[in-house]
Amino acid sequence: MHRELTGKVEPEGRQRGFSMLEMMITLFILLGIATIVMMAMMQMTMTQGSVANRTQMHGSVRSATELIQQEIGQSGRLPPFTTPVTLGAAVAPGTLVVASVNSVAGMFVNEKLVVDAGQMGAGLPPIYQNPETVTVTLIDAVSTPPTFTAAFNFSHNAGAPVVVAGPSPVESYPRMQRIRPRPSY
């Protein structure tokens with residue numbers, strides 16, 4: 001006979017433990033709990049992956065936006081000519097017209113210039129009231145006077161001012177140039 005702490009006497013043929021039915025019920029309950037826990041962990045893993053993807057996407061968008069902001073801040077800003085540039089002789093309309101000027105310093109091929117920029121500046125005679133934007137196709141700095149080649153749609157008088165084409169008329173005309181500090185990043 002086997003004696004427990006309770007003092008009960010059990011027959012020798014019977015062993016203590018869970019019955020098969022108790023074991024099966026316990027395993028099904030534990031299986032259900034484990035399934036719920038695993039599904040919750042998988043859902044949390046998927047949510048964490050989604051949050052990580054969104055965070056990375058927002059970081060990439062933020063970086064791209066900062067880069068675009070920096071590029072826009074630095075683009076399109078050509079300095080004006082150091083000395084006022086004027087036409088040395090009258091110019092007739094045509095596809096490849098050679099225009100003589102007092103200086104080609106600071107000019108480059110494919111640069112856009114505004115010729116006859118009278119309405120952009122103050123105090124110029126009314127004969128310079130026919131502004132035209134031209135694209136420089138060739139520069140000859142060794143000839144006297146220096147010249148540049150461009151396609152002109154209008155005729156222009158000798159002495160007409162030539163300025164760098166800028167984002168606005170005030171920024172294009174050297175005498176009225178406003179200096180704005182660039183933001184630091």
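Predicted model: local features only at pLDDT ≥ 70, side-chain atom pairs only at ≥ 80, totals over all residues.
1. Strand β5 covers residues 112-115 and is joined by four bridges to strand β6, residues 132-135. The two strands run antiparallel. Within this pairing, V114 stands opposite T133 of β6.

2. The pairing of β5 with β9. Strand β5 is also joined to strand β9, residues 161-164, by three bridges. Here too the arrangement is antiparallel. The bridge partner of V115 in β9 is V162.

3. A contact across the sequence. V114 and V162 are separated by 48 residues in sequence, yet their C-alpha atoms lie 5.6 Å apart in space. V114 belongs to strand β5, and V162 is found in β9 as the partner of V115.

4. Burial of V114. Is V114 buried or exposed? The relative accessible area of V114 is 4%. Because buried means under 20%, V114 is classed as buried.

5. A valine in the helix. V37 lies in helix α1, which spans residues 20-74. The relative accessible area of V37 is 43%. This value falls between the limits of 20% and 50%, so the residue counts as partly exposed.

6. The nonpolar surface patch. V37 is one of the residues that make a nonpolar surface patch of about 780 Å².

Key: Residues numbered from 1 in each chain as written. Heavy atoms only, no water. Pairing = 2+ DSSP bridges. Patch = residues over 30% accessible without salt bridge, like charges linked within 9 Å, V, L, I, M, F, W, Y side chains within 5 Å. Areas by Shrake-Rupley, 256 points an atom, 1.4 Å probe, with all protein chains shown as cover. Salt bridge = Lys/Arg side-chain N within 4 Å of Asp/Glu carboxyl O. Buried < 20%, exposed > 50% of the residue type's maximum accessible area, 1.4 Å probe, protein only.
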